[in-house]
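Q: I'd like a close look at one part of this model, with the cut-offs spelled out. Here it is.

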Amino acid sequence: MESLLSLSFDYLSSFDAGKIRKGLRQLEGLLAQICLSGSSKSSTPDRRRSVAISPSKEQPPKELSQLKDDPAFREFFKLQEGFEWNVAIRLISCLERLLGKGSNGQNDLLIVSTLDLLQGILLMHPPSRSLFAREIYMNLLLDLLDPTLCPAIHSSALHTLVAALLCTPRNTRTFETLDGLLTVTSLFKSRSASREVKMKSVEFFYFYLMPETPADSGLAIANMHARSGSGSKWAGEEGDTKGTEEKQALLGRHLGNVADLVEDLRESAVFGGMSR
């Protein structure tokens with residue numbers, strides 16, 4: 001697995017669009033192997049190698065609760081605990097370089113692909129979310145919500161932002177400190193924003209208004225090494241939590257009718273609903 005990651009990282013560090021695309025596809029294949037049920041007749045290394053080259057679209061996805069018992073996932077998770085093999089850091093660095101190249105069709109597609117992979121890795125390895133407690137990395141996501149960028153980038157950036165904030169109050173405090181709410185609401189109000197981007201923005205507002213819970217089943221998976229005695233140096237940075245009323249007041253500074261969103265959240269069971 002280290003050799004596959006090393007090769008992918010080499011491609012991602014290139015300034016050549018073709019090599020970056022190849023690195024992204026190799027990472028996608030590796031993550032697909034981990035998340036999809038493979039044939040029990042093939043050896044683990046053989047299945048990893050074959051899927052990394054040509055990921056199958058016919059295999060049923062594994063349940064999140066099953067991943068923690070999968071040898072490939074445990075190996076991958078352990079590698080993510082160190083900076084040398086951490087995929088999120090490499091994808092963030094790749095995004096920084098791509099964003100510096102300006103906007104064009106080919107570059108925009110690479111940014112979207114990188115964001116989609118970053119979203120996936122933040123869900124697979126929750127401790128990597130702690131990177132976005134740092135202002136420099138959170139600012140990168142907010143820069144990708146610039147109204148001058150293409151709608152596809154906006155949509156992917158909003159999805160990745162949700163993954164970065166999920167069950168991580170400390171990141172949400174960083175987001176608020178950097179006027180992230182102003183950034184998202186400005187995009188929502190922009191005349192150039194597409195209908196899809198506006199819908200994704202509203203979905204983000206619903207997500208943001210949910211009361212914060214710093215620990216859930218996802219973080220339980222993140223702590224599996226701690227249960228086995230190896231620990232996780234990424235864990236334990238939960239931060240102060242806020243409830244819906246506090247968040248409603250903050251969002252209300254930039255957006256009208258927030259009370260209606262809260263009421264919808266309570267009545268429509270969005271994201272599982274809220275208790276009154």
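What share of the 276 residues of the chain counts as buried? And which residues of helix H11 are buried, and what do they pack against?

A: Ground rules first: this is a predicted model, local features need pLDDT of at least 70, side-chain atom pairs count only at pLDDT 80 or more, and totals for chains, interfaces and linings use all residues. Residues are numbered from 1 along each chain as its sequence is written, and side-chain values use heavy atoms, with hydrogens and water left out.

To your first point, 48% of the 276 residues count as buried (under 20% relative accessible area, 1.4 Å probe, protein chains only). The chain has 16 helices and 0 strands; these are DSSP runs numbered from the N terminus, with helices being H or I of at least four residues and strands E of at least two.

Now zoom in on H11, residues 180–189. Its buried residues are Gly-180, Leu-181, Val-184, Thr-185 and Leu-187. Looking down the axis of H11, they fall within an arc of 155 degrees, so they line one face of the helix (the arc is that of the directions from the helix axis to the C-beta atoms). What they pack against is a set of helices: H8 (135–143), H9 (151–165), H10 (169–177), H12 (195–209) and H15 (244–252). Contact here means heavy atoms within 4.5 Å.

Conventions: Buried < 20%, exposed > 50% of the residue type's maximum accessible area, 1.4 Å probe, protein only.
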